[in-house]
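Colleague: I am new to this one. Please show me how to read it, one feature at a time.

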Amino acid sequence: MNILRVRPGRLAPRDAVFVYDETDRHLSHIVAVYCFADDGTAPLTTREVREWARARLGHSPLFHRRLRRTPFDLDLPYWVPAPVANTADHVFLDAPGTWSAAQTRIAELASARMDLVKPPWEFHVLDRVREVPGLGTATVVVLKLHHSVCDGVATRELEAKLFGDAPAPEVELGGDDLIGAAVRTAATVLTAPARFALGMVRTRAPGDGSAVTQQPVTRFNRDIHAPLTMNVVTLPMTEVRAVQAACPVRVTVNDLMLTTVSGALAAYLAEHDETPETSLAAMVPMSMRGVAQWDSVNQLTQMFVDLHTDIDDPVRRLLAIGESAKRAKATAADPVTLRTESRVETAPALLLRAAGWARTLRRFDEATSVPLSNTTISNVPPVRDDLRFAGRPLVRVLGALPIHDGDGLRHLITSQGAELTITVTTNAVMMPDPEHYGDLLLSSFRRLADAVTAQGAVG
């Protein structure tokens with residue numbers, strides 16, 4: 001018999017950062033959304049949904065651990081085993097009616113801070129949602145996890161188990177180990193400064209202390225003054241692949257999507273007479289799996305890619321973005337960068353906590369520039385096609401990124417089967433017309449496709 005043994009353990013520093021950095025204005029969670037075809041069966045009941053969830057909790061330790069922070073944050077937080085006494089604290093059933101109402105509910109979930117007193121996971125099932133574009137009626141399942149327990153790639157691995165047909169292992173919970181944790185905390189307090197100093201010496205590299213690249217500020221790089229809104233745009237994967245195949249040089253789907261967002265963002269700002277003097281940039285998460293060996297559940301780093309919004313020609317912009325993305329990837333994988341990145345692994349908990357606190361003090365309403373990027377564009381791996389929920393087949397996957405002060409326009413790109421989905425999160429103060437921005441994304445992709453096709457015909 002397979003057994004999942006859940007034991008206490010200290011968070012890796014990279015994972016603890018998501019705890020220390022979190023505030024009500026800088027949320028640290030993942031919201032994954034799955035649409036399952038509704039076959040006209042009877043409405044789900046709360047009992048059915050909670051029984052479905054309970055039968056799958058053996059697939060991961062994250063369902064059975066809660067966070068414990070040490071006194072005064074002298075050491076990194078710990079995960080301690082915690083039984084799921086009541087699934088009512090984690091699993092919820094709702095019937096919002098239309099897709100518009102469901103989007104509002106998903107936006108609310110993306111905006112709500114998680115309670116780390118209990119295991120940081122939630123299932124929200126939105127049953128029989130009508131008027132879902134391209135689908136009609138669907139059952140929508142929202143999986144919400146704190147970022148300290150996984151990243152986007154790990155979420156994909158988890159959902160393959162949750163919505164697959166393999167039975168979950170039995171769960172065996174270990175003890176709390178309060179004495180061991182206290183001893184480790186005391187030892188850490190004594191040794192952490194020396195370890196960090198040694199780590200700084202070992203990871204010293206040319207360019208340390210160089211200035212952070214500043215970007216022109218836009219309306220999306222201010223403080224958040226309104227609730228989150230979301231809008232979903234879909235593209236046929238056949239068209240995306242056709243554009244990729246017709247390009248004069250090798251480009252990735254990610255390059256095409258960066259170019260699509262670049263064109264839409266430039267057009268939106270131009271419509272408001274807010275074209276910046278210089279190009280904008282995007283923060284693009286990059287998986288470090290296979291590149292570096294990190295002792296953390298979050299295996300991501302941040303790339304900063306020039307969007308070349310100052311280039312009007314779509315093909316020239318695509319080629320420029322492709323080169324900028326290649327350079328950003330090479331920089332992220334460079335041994336010098338990896339050595340510098342490894343400093344967090346020896347950073348004392350108090351230093352990580354202080355850095356998180358300092359970030360909360362940053363205000364953007366009066367800023368004349370912003371560091372590194374103007375928007376987030378995250379592209380997560382595709383999902384298996386054979387997944388199901390309560391007998392209903394999976395037909396669409398998307399997600400909602402919480403917005404932050406200084407980063408009020410975020411894009412999450414997913415693919416499932418025959419379509420690619422761009423989920424845009426922002427708010428009504430920064431963007432009162434998200435549907436129009438969705439149209440601009442479609443127009444930007446069509447313009448790029450036409451330009452690539454025309455160039456290929458001329459060539």
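Modeller: Start with the record. UniProt positions are given in the numbering used here, feature names are shortened, and annotations may be inferred rather than shown by experiment. The unreviewed entry carries the annotation "domain: O-acyltransferase WSD1 C-terminal", covering residues 298-448. The model is predicted, so to speak of local features we need pLDDT of at least 70, side-chain atom pairs count only at pLDDT 80 or more, and totals for chains, interfaces and linings use all residues. Residues are numbered from 1 along each chain as its sequence is written, and side-chain values use heavy atoms, with hydrogens and water left out.

Colleague: How many helices and strands does the protein chain have?

Modeller: Helices (H or I, at least four residues) and strands (E, at least two) are DSSP runs, numbered from the N terminus. The protein chain has 11 helices and 19 strands.

Colleague: What radius of gyration does the protein chain have, and what would a compact globule have?

Modeller: The radius is taken over C-alpha atoms, and the globule rule is 2.2 Å times the number of residues to the power 0.38. For 459 residues, the rule puts a compact globule near 23 Å. The protein chain has 23 Å, which agrees. Its C-alpha trace spans about 70 × 65 × 40 Å along the principal axes.

Colleague: What share of the residues is buried?

Modeller: Buried means under 20% relative accessible area, exposed over 50%, and partly exposed in between (1.4 Å probe, protein chains only). Buried residues make up 52% of the 459 in the protein chain.

Colleague: And how should I read contacts in the protein chain?

Modeller: Contact means heavy atoms within 4.5 Å. Take contacts between residues at least 6 apart in sequence: 79% of them join residues at least 24 apart.

Colleague: Which residues of helix 1 are buried?

Modeller: First, the general idea. An α-helix has 3.6 residues a turn, so residues three or four places apart point the same way. Now the case here. Helix 1 covers residues 13-20 and is mostly covered, with six of its eight residues buried. They are P13, R14, D15, A16, V19 and Y20. These buried residues pack against strand 4 (65-68), strand 8 (136-146), helix 9 (335-341) and helix 10 (349-360).

Colleague: Is W121 buried or exposed?

Modeller: W121 counts as buried because its relative accessibility is 0%. W121 sits in strand 7. Beyond its neighbours within four places in sequence, W121 contacts L57, L62, F63, V84, H90, V91, M114, K144 and L145.

Colleague: Where is V129 found?

Modeller: V129 is also in strand 7, which runs over residues 121-132. V129 is buried, at 0% relative accessible area. Leaving aside neighbours within four places, its contacts include P96, W99 and V140.

Colleague: How far apart in space are R156 and V383?

Modeller: Their C-alpha atoms are 6.6 Å apart, though 227 residues separate R156 and V383 in sequence. R156 lies in helix 4. R156 counts as buried, at 11% relative accessibility.
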